[in-house]
Amino acid sequence: MDPIGLVEHLFHEYGYLVLLIGLPLDFIALPIPPGNSTLTYTGFLAFKDVLHGLSAIAMALAGSIIGVTITYVIGYKAGMPVIERYGHWLFLKPELLEKTRRYYDKYGDRLLLVSFFIPGVRQFIGYFIGIIRVPYRKVLLYAYTGVSLWVIAFFSIGYFFGEQWQHMFSIIEQYMKFFFIGVAVLAGVWLLVQVRSARRSRSKGKVRSRG
């Protein structure tokens with residue numbers, strides 16, 4: 001069954017519970033149903049008056065926030081001990097996580113506002129911010145705001161485009177894919193430049209110390 005057909009079937013069987021139970025599963029990395037198409041179809045059902053719009057948004061927000069919170073708590077409670085014990089098998093050392101945490105301290109809060117729009121990242125980000133021990137007040141401010149923007153954006157596609165929602169959804173997902181691939185490439189280039197710059201600085205420092 002294709003993703004859209006699956007979402008339609010689940011809504012027919014379970015109604016609002018798809019949002020309250022299904023969306024947390026998407027965040028836990030069991031995307032059944034897939035989050036983007038679920039929210040867009042929810043908007044379409046609200047457009048058709050099958051679902052009450054405000055109730056649907058409220059349930060979607062609740063389900064998404066539950067998903068973020070569960071993954072954050074799992075990462076916070078279990079993540080670092082697991083990394084310390086088994087991280088070498090995954091090439092994840094505590095030192096690497098500490099370096100990642102420092103990068104997050106500099107840029108991460110703002111990235112949380114858009115990270116939920118990226119499939120794959122959405123299923124990982126809650127665990128990650130838990131593992132690096134991001135304070136809950138920042139999760140409350142940035143992660144919950146980011147997930148709310150995600151819910152409203154994809155709900156709006158279905159609600160405002162109505163019968164054309166599937167066509168618009170496919171176009172938007174395609175452009176988002178190209179956009180985030182471009183962002184990833186630029187980020188990789190920027191990181192490479194930063195690494196080379198740091199190496200040159202260390203090399204110059206060694207030369208000066210010898211002189």
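Figure 1. Is Leu25 buried, partly exposed or exposed? Its relative accessibility is 31%, and because partly exposed covers the range between under 20% (buried) and over 50% (exposed), Leu25 counts as partly exposed.

**Figure 2. Helix H6, a mostly covered helix.** Here we move to residues 122-131, which form helix H6. How many of its 10 residues are buried? The count is nine. Among them are Arg122, Gly126, Tyr127 and Phe128, along with Ile125, Ile129 and Ile131. Just past the end of H6, look for Arg133, whose phi is positive, at about 60°.

**Figure 3. Gln123 and its partner Asp26.** Gln123 belongs to helix H6. With a relative accessibility of 13%, Gln123 counts as buried, because buried means under 20%. What does the side chain of Gln123 contact? It makes a polar contact with the side chain of Asp26, at 3.2 Å.

**Figure 4. Confidence along the chain.** The chain has a mean pLDDT of 78, and 68% of its residues reach 70 or more. Which helix has the highest confidence, and which the lowest? Helix H7 (residues 136-161) is highest, at a mean of 92, while helix H8 (residues 165-210) is lowest, at 64. A friendly caution goes with this view: where pLDDT is low, predicted coordinates should not be read in detail.

Technical notes. Residues numbered from 1 in each chain as written. Predicted model: local features only at pLDDT ≥ 70, side-chain atom pairs only at ≥ 80, totals over all residues. Heavy atoms only, no water. Buried < 20%, exposed > 50% of the residue type's maximum accessible area, 1.4 Å probe, protein only. pLDDT = per-residue confidence, 0-100. Helix = DSSP H or I, 4+ residues; strand = E, 2+ residues; numbered from the N terminus. Polar contact = N/O pair within 3.5 Å; in protein donor to acceptor, adjacent residues only side chain to side chain.
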